[in-house]
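Please look through the structure shown here with its aromatic side chains in mind. The report that follows begins with the overall fold and then turns to rings and charges.

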Amino acid sequence: MNIFTNFKQTPYIYHQRTASDTWSGGQASRDFSGTGVWKPRNTSDVPSMNAVEIAEPTLNVKPSEEFINSDDIGSMIGDTVTVPANTGALYRVTGITTAKNFRTGAIEHYRLLLQEVAQ
């Protein structure tokens, strides 16, 4: 069992940017379709400790996705993702975490930290 068998999967489109298109979100060099575990998150999901917390959405993606460069996962920062089920909003990848199986050490998924791009 893993996150993909335990949670509902949502279709997404991953827009891989060209090296010269760092933050504009346009001119994607390639688009990839996939399904992942979408977590929209909002500030009510974050416990308040007298601090301002910002809850950004996340998308868990399979390590086998074609757009993932496992040698340089940081290269995905700045790419964008569209989640059609969520009003088709465009999100910029602002961070990536790696989830490994603690027994085997195998990568189970990558969690993309997202921020909505103003249209």
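The protein chain has 1 helix and 6 strands, where helices (H or I, at least four residues) and strands (E, at least two) are DSSP runs numbered from the N terminus. Along the sequence these elements follow the pattern α-β-β-β-β-β-β. This is a predicted model, in which local features need pLDDT of at least 70 and side-chain atom pairs count only at pLDDT 80 or more, while totals for chains, interfaces and linings use all residues. Residues are numbered from 1 along each chain as its sequence is written, and side-chain values use heavy atoms, with hydrogens and water left out.

Of the 119 residues of the protein chain, 34% count as buried, a term that stands for under 20% relative accessible area, with exposed meaning over 50% and partly exposed in between (1.4 Å probe, protein chains only). Among the contacts in the protein chain with a separation of 6 or more, 52% come from residues 24 or more positions apart, contact being defined as heavy atoms within 4.5 Å.

Across the whole structure, a search finds 4 aromatic pairs. Rings of Phe, Tyr and Trp (its six-membered ring) pair if their centres lie within 6.5 Å, and planes under 30 degrees apart count as stacked, over 60 as edge-to-face and the rest as tilted. Two of these pairs are set out below.

| Pair | Type | Centre to centre | Angle between planes |
|---|---|---|---|
| Phe32 and Phe67 | tilted | 5.8 Å | 50° |
| Trp38 and Tyr91 | tilted | 5.2 Å | 55° |

Phe32 belongs to strand 2 (residues 28-39) and Phe67 to the loop between strand 3 (58-61) and strand 4 (80-82), so their pairing ties together parts that are 35 residues apart in sequence. Phe32 is buried, with a relative accessible area of 8%, and Phe67 is likewise buried, at 4%. Trp38 also lies in strand 2, whereas Tyr91 is in strand 5 (residues 90-100), so this pair ties together parts that are 53 residues apart in sequence. Trp38 and Tyr91 are both buried. Ring pairs also join Phe32 and Phe67 with Tyr12 and Tyr14 in a cluster.

Charged side chains meet rings as well. Lys39 lies over the face of Phe7, at 5.1 Å from the ring centre, and the charged end of Lys62 sits over the ring of Phe4, 4.9 Å from its centre. A charge sits over a ring if NZ of Lys or CZ of Arg is within 6 Å of the ring centre and within 35 degrees of the ring normal.
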